[in-house]
Amino acid sequence: MIIPNKLKVNDEVRIIAPSRSLSIIDKKTREIANTRFKELGLKLSFSKNCESIDDFSSSSIEERIEDLHEAFLDKKVKAIFTVIGGDNVNQLLKYIDYNIVKRNPKIICGYSDTTALSNALFHKTGLVTYSGPAYSTLGMLKGIDFSINYIKKCLFSSDPYEVINSEQWSDDAWYIDQEKRNFYKDNGIEVLNHGKAEGKIVGGNLCTLNLLQGTEFMPDLTNSVLFLEDDELTSPSNFDRDLQSLIHQKNFDRVKGIVIGKFQLKSEVSETLLRKIIQSKQELASIPVLYNLNFGHTTPHICFPIGGFVKIDTKSRKQIIIEKH
């Protein structure tokens, strides 16, 4: 495990676009995001090719690899944030010089499609990476304070921290109308299987993590606690088969627990159906399973370390503690 140095005031953060281009982010959202980073005491720089855009709202593999390598090589840069998710970051994995990453460890943070990059970097180098808000996420005007608080807990401090839920959550297209937002009361973390567990965190967006199956980039699941979520494109049947595919992976029998993020409303993965899915799988019967946590594609979401160490005790007052990050 290589834990990168934590952020401090006046550090430089590089914004890169390993999936979709910065060009798709409107001016107002960028202005708000820039202000958020400034309020955190951080200075922003943007990669050379982050605004390049092609027919897939992305850019060439060569441009994205150049920006990734340059961000790790630049000694002034202390952390890297991805612009947003997308569909194609796995195109980059065989072209990355993992020795550059290993010799220049630093924070890299993002979610959704970034899941493939984060897990591959951890597996190939031992570098702890971070699933958390992307640059564009910080362009949110309302409902972002909880997320920013977890950036501080995870990326600015080495102290253990508790994972809890916010009082409210949202699943609206906030980038369309920043003033008109719909928030719901959060029911808190739910437990499906009680128990205790500890281990390294692997995961993020489930369908993206599954792209690594059968490749040299898939993390070993031995002694892991899986943090899993999916977006509005999933459905109860898709989530079921995606989870089953993960269960079929080598060393899944050594997984210690599962933590599931909040589902988007359009997915129609209800609590009742999720329970049926989990309870149908004998492989999960003996490990703790928690769900409805604030991470994934709803607002807000926590920041957590892929490759970091977590302890779970479902019957404790503090059910989830991120110990090393």
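**Figure 1. Aromatic pairs of the predicted model.** In this predicted model, 12 aromatic pairs are present. Through ring pairs, Phe37, Phe46, Phe81 and Tyr135 are joined into a cluster.

**Figure 2. The aromatic pair of Tyr150 and Tyr161.** Tyr150 belongs to helix H5 (residues 145-156) and Tyr161 to strand E6 (residues 161-162), so the pair ties together parts that are 11 residues apart in sequence. Tyr150 has a relative accessible area of 1% and is therefore buried. Tyr161 is likewise buried, its relative accessible area being 4%.

**Figure 3. The aromatic pair of Phe239 and Phe263.** This pair is edge-to-face, with a centre-to-centre distance of 5.0 Å and an angle of 90 degrees between the planes. Phe239 is located in helix H7, whereas Phe263 is in the loop between strand E12 (257-261) and H8; the pair therefore ties together parts that are 24 residues apart in sequence. Phe239 is buried, with 0% relative accessible area, and Phe263 counts as buried at 10% relative accessibility.

**Figure 4. The crossing of helices H7 and H8.** The axes of H7 (residues 236-247) and H8 (residues 271-279) come within 10 Å and cross at roughly 25 degrees. Because angles under 35 degrees count as roughly parallel, the two helices, H7 and H8, are described as roughly parallel to each other. The crossing of H7 past H8 is right-handed. On H7 the contact is made by Pro236, Phe239, Asp240 and Leu243, and on H8 by Leu273, Leu274, Ile277 and Ile278. Of the residues in this contact, 7 are nonpolar, 1 is charged and none is polar.

Methods:
Residues numbered from 1 in each chain as written. Predicted model: local features only at pLDDT ≥ 70, side-chain atom pairs only at ≥ 80, totals over all residues. Heavy atoms only, no water. Axes fitted to C-alpha atoms, helices over the stretch in contact; angles between N-to-C directions. Helix = DSSP H or I, 4+ residues; strand = E, 2+ residues; numbered from the N terminus. Parallel < 35°, antiparallel > 145°, perpendicular 65-115°, else oblique. Left-handed = near helix turned anticlockwise from the far one by under 90°. Contact = heavy atoms within 4.5 Å. Nonpolar A, V, L, I, M, F, W, Y, C, P; charged D, E, K, R; others polar. Phe/Tyr/Trp six-rings, centres within 6.5 Å; stacked < 30°, edge-to-face > 60°. Buried < 20%, exposed > 50% of the residue type's maximum accessible area, 1.4 Å probe, protein only.
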